[in-house]
Amino acid sequence: MAEPMIADHIVEYPGGYTRSIGPAISRYLTGLRDGRILGVKSKTAGVLVPPVEYDPNTSEEIGGSDDDWVEVGPAGTVESFTWVRRPRAEKQPFSQPFAFALIKPDGADTAMLHAVVVSSPDDLSIGMRVMPHWKVARSGSVRDIEAWVPLPSGVTPPAAPPRTVNADGEGAVTGLIQPIKLHYTISAGVATTRYLDGMAQGKIAGGRAPGSTEVYAASRGTDPKTGEPTSIDVDIADTGCITTFCVVNIPGLSALAPPVPFVSAHVLLDGADNTIMALIRGCEAHEVRMGMRVKAKWAEKLTRTHHSLEWFEPTGEPDAPYDDYKDNL
Amino acid sequence: MRNVGVISYATSAVARDVVHNEIEIIVPVLGEAIERSTIPKADIGFVCSGSLDYLFGGPFAFVAGVDAVGAVPPIRESHVEMDGAWALYEAWCYIQTGEVDSALIYGFSKGSSGDPLELLTVQTDPYYTVPLWPSMSDMAALQARAFMHRTGATERDLAEVAARAQRNGMSIDYAVRADANANADALLSGSPLVSDPLRESDIFPVSDGATVIVIAADDVARKHCARPAWIRGFDHRIDPMGFGVRDLSRVASATKAAQKANVSAGSLDIAELHAQFSHEELMLVEALGIDPTKTSVNPSGGPLAANVLMGAGLNRIGEVANAITAGGANRGVAHVSSGPCLQQNLVCVLEGE
């Protein structure tokens, strides 16, 4: 076989993942925006920071009344820590080495996770006293605390400076947006590599398992009916018929999405026993029908990607009879 | 309760497989496990898998997995977005209903497709934790230090665990990190710190592969296996999500699960613990009440030798079952964990007869 197909791949939510946060988290993040750390009282676990909606031992609802809430800190005590030697700058708070720590704010009964900035891991210890260093541009996020820093003995932590950002006006913080961007290097595998190599030659590669007569276009490596490897390579025609289709009228968000209306169809290729999904062009959307004979339209510049096969377009041949594709619907 | 036994186990792991996709990784292992079970595939009553889309890098990893099994005529199938050990728990429950007598369970992933330590942060609290994005090793390190502070365990104690895991890894044919000469001194001086106090050698090696187990009830198990490893106790428990809400220096949910699974009801010849970080082995030995002078702990090297995410927990059950079926052990415990800092814990007691 040819060189394995390996490609970079990113999973990302455009604009970030938008979350509603509910009353307890709202109160906490609103407090951080306003430069205060709030905890919620519970009957069995004391003052919880960060707050939760239910007592962790009894599941009793907590935080429903203003009296259930108490300001804690701002000074706190480190209960555990780790030194992050190679920060993940895209996601973590700092690009220089820093500490993650569990910090119990004064007046709280639980510790919270946050970053601590010191110049060396030797400056960290369990029991050390720390205070928050607040951002001025606060928007209602745990990142409104830039980091915690050592609190020298005898020093009173200063109040948070006035904030410079008005998020959600002056009302409560009601949501958060979390960017998520995940990086991968994907190996296509033997069967898909062969399919993509075919794409670079303007051919549709398929496979068949020794124990079956059925040929699978764009096989992922097995006969999905039996799980047997499709170890026999079969080249498949780039002509076939439409089995079923959908006229899409909703514009896609992706830059790759075609202008609407467009037709997305299942195409049963000649010589294959499964359908592949493809765009249909070369005719008006309302002309597309089941059984319509189509042929692949290849890109001018063929590459080792699925984009080589741009779409299918009508051949003008008579429609395939229903019996020819009824088992593939 | 029906007696359910492990009758077949197969597994694979390599550091990085650039040639095969997930389906192609599962197929040979699945074939080996089914053949070893001697039950024709069509006669297996239920199929259940464990996988994670975030490791796959796309939706419906488990649907791809089904292509490796074959689903015509339609099979009874289910899936957990967790380690395959929880799929085995589901299958065990299903067999208890009497609807089926046997089940095929598998877990798989290609950890090398991404950076698992960074990726798995998406499983944490999205409001308080994800915005800071502590890696899995950062969070594990917070627990390691809390444990060391309470018990006096030292970095050397961790290095001893890591070195033994590498030596024991020589005994399995799917080790990703194994070294017959590994020793604590060399690791303390040569293995770089990643998330203090955790060194590279205290952290699981990234692995690609699959794990497959076949279980069966009563006479079906006896018919197909000379010495099934019978499941005598099975339980799983979870601790709260907030790191500060629980005592991070202990694993309360593992202790509870061990009590419910009656771990202490008899002597243990073997314990396979899902310790993905070296301190976790020490914590779990304590939490499960294991006496390491009487019980062989992670003789396979455990997850520090090979850790196919979503499959390595199932490996723990498979390794204990293998020891029992081979006759070298009579009673053992398998432990499987999920979530950051050993948040969720499954305990399975296996026994020969």
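Chain A is divided into domain 1 (21-178) and domain 2 (186-328). Their centres, taken over C-alpha atoms, are separated by 53 Å. This is a predicted model. In chain B, the domain assignment gives domain 1 (4-115 + 206-224), domain 2 (116-202) and domain 3 (229-351). Over all chains, the count comes to 37 salt bridges.

**Interface of chain B and chain A**

- The contact takes 53 residues from chain B and 60 residues from chain A.
- About 4900 Å² is buried between chain B and chain A, and carbon and sulfur atoms give 61% of that area.
- On the chain B side, B:Tyr127, B:Tyr128 and B:Leu132 lose the most area to chain A. Together they make up 17% of what that side buries.
- Four salt bridges cross the interface of chain B and chain A.
- There are 26 residue pairs in polar contact across the interface, with both residues at pLDDT 80 or more.
- Six elements of chain B each supply at least two residues to the side that touches chain A: α1 (22-37), α2 (53-56), α3 (61-69), α5, α6 and β5 (193-195).
- α6(B) gives the most to this side, with six residues.
- By class, the chain B side has 31 nonpolar, 11 polar and 11 charged residues.

**Salt bridges between the chains**

- A:Lys91 pairs with B:Glu118 in a salt bridge, with the closest N and O atoms 2.8 Å apart.
- Both residues belong to a network of salt bridges that links A:Arg88, A:Glu90, A:Lys91, B:Asp115 and B:Glu118.

**Domain 2 against domain 3 in chain B**

- The centres of domain 2 of chain B and domain 3 of chain B are 17 Å apart, taken over C-alpha atoms.
- Domain 2 of chain B puts 35 residues into the contact, and domain 3 of chain B puts in 31 residues.
- The area buried between these two domains is about 2700 Å², with 63% from carbon and sulfur atoms.
- In domain 2 of chain B, B:Gln143, B:Phe147 and B:Arg150 lose the most area to domain 3 of chain B, together 24% of what that side buries.
- Two salt bridges are found across this interface.
- The side chains of B:Glu281 and B:Arg164 meet in a salt bridge at 2.4 Å, N to O.
- α5 (116-119), α6 (136-151) and α7 (155-168) of chain B each supply at least two residues of the domain 2 side.
- α6(B) gives the most to that side, with 11 residues.
- The residues of the domain 2 side divide into 19 nonpolar, 10 polar and six charged.

**Salt bridges within a chain**

- A:Glu71 and A:Arg36 meet through their side chains in a salt bridge (3.6 Å, N to O).
- This pair links distant parts of the chain, 35 residues apart: A:Glu71 is in strand β5 (residues 69-72) of chain A, and A:Arg36 is in the loop between α1 (22-33) and β3 (37-42) of chain A.
- A:Glu71 is partly exposed, at 44% relative accessible area. A:Arg36 is also partly exposed, at 35%.
- A:Arg293 and A:Glu317 form a salt bridge through their side chains (3.3 Å, N to O).
- A:Arg293 is in strand β19 of chain A and A:Glu317 is in the loop between β20 and α3 of chain A, 24 residues apart.
- A:Arg293 counts as buried because its relative accessibility is 14%, under the 20% limit. A:Glu317 is partly exposed at 37%.
- B:Arg199 forms a salt bridge with B:Glu155, and the closest N and O atoms are 3.5 Å apart.
- B:Arg199 lies in strand β6 (residues 198-199) of chain B and B:Glu155 in helix α7 of chain B, so the pair ties together parts 44 residues apart in sequence.
- B:Arg199 counts as buried at 12% relative accessibility, whereas B:Glu155 is partly exposed at 34%.

**Two loop residues of chain A**

- A:Asp319 sits in the loop between β20 (309-314) and α3 (322-325) of chain A. A:Asp319 is partly exposed, at 33% relative accessibility.
- Beyond its neighbours within four places in sequence, A:Asp319 is in contact with A:Arg289, A:Met290, A:Gly291, A:Met292 and A:Arg293.
- The side chains of A:Asp319 and A:Arg289 make a polar contact at 2.7 Å.
- A:Ser308 is in the loop between β19 (293-298) and β20 of chain A. A:Ser308 counts as buried, at 0% relative accessibility.
- Not counting residues up to four places away in sequence, A:Ser308 touches A:Met199, A:Lys297, A:Trp298, A:Ala299, A:Leu302 and A:Thr303.

Notes
Residues numbered from 1 in each chain as written. Chains lettered and ligands numbered in written order. Predicted model: local features only at pLDDT ≥ 70, side-chain atom pairs only at ≥ 80, totals over all residues. Heavy atoms only, no water. Helix = DSSP H or I, 4+ residues; strand = E, 2+ residues; numbered from the N terminus. Buried < 20%, exposed > 50% of the residue type's maximum accessible area, 1.4 Å probe, protein only. Contact = heavy atoms within 4.5 Å. Polar contact = N/O pair within 3.5 Å; in protein donor to acceptor, adjacent residues only side chain to side chain. Domains from an automatic or database assignment. Buried area = accessible area lost by both parts, 1.4 Å probe. Nonpolar A, V, L, I, M, F, W, Y, C, P; charged D, E, K, R; others polar.
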